[in-house]
Amino acid sequence: MKLYRPGWAPASAFSDNDRMPPAVKSQTMACVGGPLSGIETDLVVVPWFEDDAPASVPGLDEASGREIGRALTAKEFQAKPYEWFMTPVSDRQWRARRVALIGAGRRADCGSDLVRKLAISGGVTARQRHVGRVAFVVRGEGAAGDLAQAAAEGLTLSEFNAGTYKTGEPAPAVAPTWTIAILDGARDAATEAVARGRTLGECSNLARELANEPGNTLTPREFAKRAASLASDVGVQVEILDETQIEALGMGLLLGVARGSGEPPRLIVFRYEPPGAPEKPVLGLVGKGITFDTGGISIKPADGMERMKDDMAGGAAVACAMRAIALLGAPIRVIGVVPTTENMPGGRAIKPGDVLKSAEGKTVEVINTDAEGRLILGDGLWYARQLGATHLVDVATLTGACVVALGKIASGLFGTPDAWVQRVRAVADRAGDRVWPMPLFDEYRDQLKSEIADMMNTGGRPAGSITAAMFLKEFSGGLPWVHMDIAGTAWAEEAKPYLPKGPSGVAVRTLAQLAFERF
Ligand code: BES
Ligand code: MN
Ligand code: ZN
């Protein structure tokens, strides 16, 4: 633990060995074919459908000494989603010691999205019971590869542990050794899919780890350092621009937000350029990196303000997606831009009524200093264009209004043209990041009209998430651009079987898989 001295702040309050690892890293995940009797493991987890008969998975009921058939008849187990039924394997020919059925609802409704969630729930349950080796059986409707990938993502996501700074408790149980079991044929395709899912799950967990870090440990400088190393470790070129370089670029919006803080801002820039990649397209990913959002002079109420440590979840998603993109070897060039700063009140902080000049030259009247995300993203979007991006996607915990509109179930999706929005939407649906499209009619722009500058940074209460997106659109330079508002989805307030309380890692998989699309 490092101590603060007045006037001098270290980049972070803790050193690396003060932290517990949030997930056990880089264990391999095996992928094996049937029959189930040959799998050497402590626990076989089998998704079970309401419309299954005891014989639906050949040999399973017999291996349990008919316990499964009995439990189904007695309605002890009804296969409702996430229901759990565990019983020993009595057949000595089997190499597994126990089997668990996990309820999976109706077979027709069980695609890769539910398979991912079942794998998370099954993985968490197995971990809580300190099971050493777990095999998860892939069952569901859809392409075998997609289902296997989703299962690998899910088991990996189940490894996340949010208790980074708990002392006096035993370290969380080591994650089990995972095996993905494929019952029918297609094991070769599945092996590759499992590796992909493992990587995407691990990169999602890294983003969750960053979003979970308190504001005093994850300052802009520390965020930049950690984001840079997780991407450069796998061959992404990373540059961290400091306050002097940010000033030289004329980024008045980012510098304006940073003024109230004792911590200097940073601009994290990622470049992924695989050999032989075409000149175009260039995917430009931009993420909001507010390491803590007090609201600034337009200060937020104290209640729940601690949550604002995750206001860099969009930036974390971009950094971790860059890592996944390099690990998975995407075929196109990708640029990532993450402006990062604290939003603090202070003697030098920006004030309502102040006018800032963006790097692009447009002027902004700051009505509310708590609408800071759109300010830093304005300069970030401009910079991604300067670096040659042809298609833009930004991700941000941008507005409480988006939470009002869509709750904590879906991220808001905004952008233009429609074809680009639909493309991102389709990828997000497959990745298991729930999104829903919102309109950007030109008339909404009127709400941003300023008497003194090119625009205001807020548009009043009506359609708050849309006017925030309209503000960002001003900085998209007419390129295909999509904005994902993850204010409601970045953090789970209530634990679900498939999502513990805390950071969700939203958007990492969508951004990474977008780099494998044709556009
Ligand atoms: N980071 C917040 C948005 C937010 C709110 C994220 C709740 C997660 C949960 C953002 O910077 C903000 O403060 N937005 C303001 C905008 C307003 C002042 C126009 C908001 O939504 O209240
Ligand atoms: Mn704010
Ligand atoms: Zn914010």
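Predicted model: local features only at pLDDT ≥ 70, side-chain atom pairs only at ≥ 80, totals over all residues.
Residues are numbered from 1 along each chain as its sequence is written, and ligands from 1 in the order in which they are written. Local features need pLDDT of at least 70, and side-chain atom pairs count only at pLDDT 80 or more.

Me: Which residues are the protein donors of the zinc ion (ligand 3)?
Reply: Donors are N, O and S atoms within 2.8 Å of the metal (3.2 Å for Na, K and Ca), with water not among the atoms. Here they lie 2.0 to 2.4 Å from the zinc ion (ligand 3). Their spacing along the chain is K-x4-D-x17-D-x60-E. The residues are K288, D293, D311 and E372.

Me: Which residue coordinates both the zinc ion (ligand 3) and the manganese ion (ligand 2)?
Reply: The two ions are 3.2 Å apart. The residue that coordinates both is D293.

Me: Are K288 and E372 buried or exposed?
Reply: Buried means under 20% relative accessible area, exposed over 50%, partly exposed in between (1.4 Å probe, protein chains only). By that rule, both K288 and E372 are buried.

Me: How many disulfides does the structure hold?
Reply: A disulfide is a covalent bond between the sulfur atoms of two cysteines. Here it is counted as a pair of cysteine sulfur atoms within 2.5 Å. The sulfur of C31 is 17 Å from the closest cysteine sulfur, in C110, so it is too far for a bond. The number of disulfides is zero.

Me: What is the relative accessible area of C402?
Reply: C402 is buried. Its value is 1%.

Conventions: Heavy atoms only, no water.
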